[in-house]
Amino acid sequence: MSIFRLALRNLFHKPWGTSLSLILAALGAGLISLLLLVSWQLEKQFERNLAGINLVIGAKGSPLQMILSSMYHVDAPTGNLPIEGIRPFLNPAHPYVETAVPLSLGDSYRGRRVVGTAPSFLELYGAEVAEGEMWTEVMEVLAGSRVAEELGLEIGDNFQSSHGLIEDSLLIHEDARPFRIVGILSPTGTVADQLLLTPNQSIWAVHGEHDHGEEEHDHNEEEHDHASHEDHNHEGHDHDASPPALSGGEGADKYDLTQPLTNFPEEQITSLLLTFKGNSVFSLNLQRSINENTNMQAATPSIEINRLYDTMGPGETILKRLALAIVLVSVFSIFISLYTSLAERKKELALMRSMGAGPGKLFGLLLTEGVLLSFGGALLGIILAHLGLYFIAQFVSAEYRYDFSAFFLLPAEGWLLLVALVIGVIAAFIPALQAAKTDVHATLAE
Amino acid sequence: MLRATDLQYQYPQGEAFRFPDLNCPVASQWLILGPSGSGKSTLLHLLAGLLSPTGGELSLNDERYDQLSGSGLDAFRGRHIGMIFQRSYFVASLRVRENLDLAQQLSKQKVDKPANRALLEELGIGRHANKYAHQLSIGEQQRASIARGLVNRPSLLLADEPTAALDAANAKIVSRLLRERAAELNAILLVVTHDERLLPDFEHVIRLGDVKS
């Protein structure tokens, strides 16, 4: 029987003490592992969806809300922008702007966001048309890979979008020409997988009878309570009659995709994603200039995301401290468990010495028991953390359509196991030393 | 042959013992009698190599082992000496048969599971092989303890008050088993006790009187 097996048998022989030490070690390691996993996944999601975007321009309001709604599609838009206001950035000959991707947000289909945009959106997120073809007409839609899979969308399918970002049959644009799926995108691992993309003009067509005259409305589309689309009246919106209400297909027919957006100065978009030709100074100056001199706001995604991290920071720090406290308690638990067991087992240890076991063997036995407790606990904790993440992923996926992968290992988790080994050695060292120093004669003569 | 010449031991606290010389031929069986405090256990632990003598010489089959220390002494003890204690100590997490296997393993002998099982059968506790020690009666525990002492086929079998906790009937059985098994192995048997009931069973008797120096 190896020392390892004997150590295991000794631990199983005291199931309650062993369980307590294991649970404490598992709690500490599990919490740390879960924090590592969630924060890594969030960072990856944020990084992937940054997509090289340098600046986002939108309606005045919370810059973080604008970033979250325009780039991560998890919040409500801050409002709309007139095409006229962003005309310079839509000029392909702009000296500093590499790409300008206009977004028209606010509609959804069965809880998935319908985003009006330009073909350059696909380049931004590295998406390609995997099936079907690129849109050529208004009301044509490219479905992200995940949304197509989840909703069972196929090329040629038609649907009516809803106003707002929640699923509500009362908000369906029943009077508008239906959207038609013409293509399905390849998976990108970005937010593009979760969206239904259509030209901006499609959103204008659906909303033909709404004219949001000014961009200054900072409201949450999700909170709208429309009795019906035809008769609703947005508080704080300018519902003047220009352009005149379009019914059904009329809206769609008004727009021609061959014309640039700037040909429709009376229309609006929600936000504009900009990438620059490698000049960060220009980005900062432009951001300041827009924020100070216009009715629009501009925000740098990386700065806003860092702010978001800072907001989450204190909570994360508290959890980390809690995890460390639990780890510390688990070290003591292992130490106490082994130390008290020494008293119970001193005859047994002396007996082993009398049978030929050297002091090193007893030292190794106790050390192995400590390491098994800490390593086993940490392993259990990591497994539980992944299971926990799996359930969190189900919620996040259902709520925000974001994919959290639960079944992968971070290198940091390998380090966590290594630290658990060291902790086991530290916790067991003194009891192991005591075991090695067992006075066989005195113990057996008692 | 076990030889102990001018064997002495002084405890760090000051108590000192000087023991009579021993010359025990192979297969001889000895009873060492003495009252409490007479140094019986000290002598036994010296002979077992659990204590290092502060004076004198010890040899078994012409091999000096009083000068061995550390792993050399552990290995010598494991290989040549079997011990049976007054109270039966076992590794609590292991079954009876596994305790026998462990004794072989710790002395770096080849673990012979069938032979160990057969030994338990011979000692009348084969049916308890898969039990834990605490599930056995005291008499059965002492038999299992004897089995463990014999498992490495030692040249020297030392028993410390093996019958002290037993009733007369069980004491007789344990005494007989010890003598029979030691004879089978050609081992020197030394039983240290204050139990006068064992007196008629042994040919050689040493009474430890005042061995304090």
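Reader: In chain A, what percentage of the contacts between residues at least 6 apart in sequence join residues at least 24 apart?

Author: A contact means heavy atoms within 4.5 Å. In chain A, 80% of the contacts between residues at least 6 apart in sequence join residues at least 24 apart. The model is predicted: local features need pLDDT of at least 70, side-chain atom pairs count only at pLDDT 80 or more, and totals for chains, interfaces and linings use all residues. Residues are numbered from 1 along each chain as its sequence is written, chains are lettered from A and ligands numbered from 1 in the order in which they are written, and side-chain values use heavy atoms, with hydrogens and water left out.

Reader: How many helices and strands does chain A have, and what percentage of its residues count as buried?

Author: Helices (H or I, at least four residues) and strands (E, at least two) are DSSP runs, numbered from the N terminus. Chain A has 13 helices and 13 strands. Buried means under 20% relative accessible area, exposed over 50%, and partly exposed in between (1.4 Å probe, protein chains only). Of the 446 residues of chain A, 53% count as buried.

Reader: What area is buried between chain A and chain B?

Author: The size of an interface is often given as the accessible area lost when the parts come together. Buried area is that loss (1.4 Å probe), summed over both parts. Between chain A and chain B about 2200 Å² is buried, with carbon and sulfur atoms giving 61%. The contact draws on 23 residues from chain A and 25 residues from chain B.

Reader: How many salt bridges lie between chain A and chain B?

Author: A salt bridge places a side-chain nitrogen of Lys or Arg within 4 Å of a carboxyl oxygen of Asp or Glu. There are two between chain A and chain B. One of them pairs Asp74(B) with Arg353(A), whose closest N and O atoms are 2.9 Å apart. On the side of chain A that touches chain B, helix 1 (3-13), helix 10 (301-354), helix 11 (359-400) and helix 13 (440-445) each supply at least two residues. Helix 10 of chain A gives the largest share, six residues.

Reader: Where is Arg110(A) found, and what is its phi?

Author: Most residues other than glycine have a negative phi. Arg110(A), although not a glycine, has a positive phi of about 45°. Arg110(A) is found in the loop between strand 3 (97-109) and strand 4 (112-117) of chain A. Arg110(A) counts as partly exposed because its relative accessibility is 36%.

Reader: Which element of chain B holds Asp6(B)?

Author: Asp6(B) lies in strand 1 (residues 2-10) of chain B. Its phi is also positive, near 50°. At 33% relative accessibility, Asp6(B) counts as partly exposed.

How values were computed
Buried area is the accessible area (1.4 Å probe) that two parts lose on being put together, summed over both.
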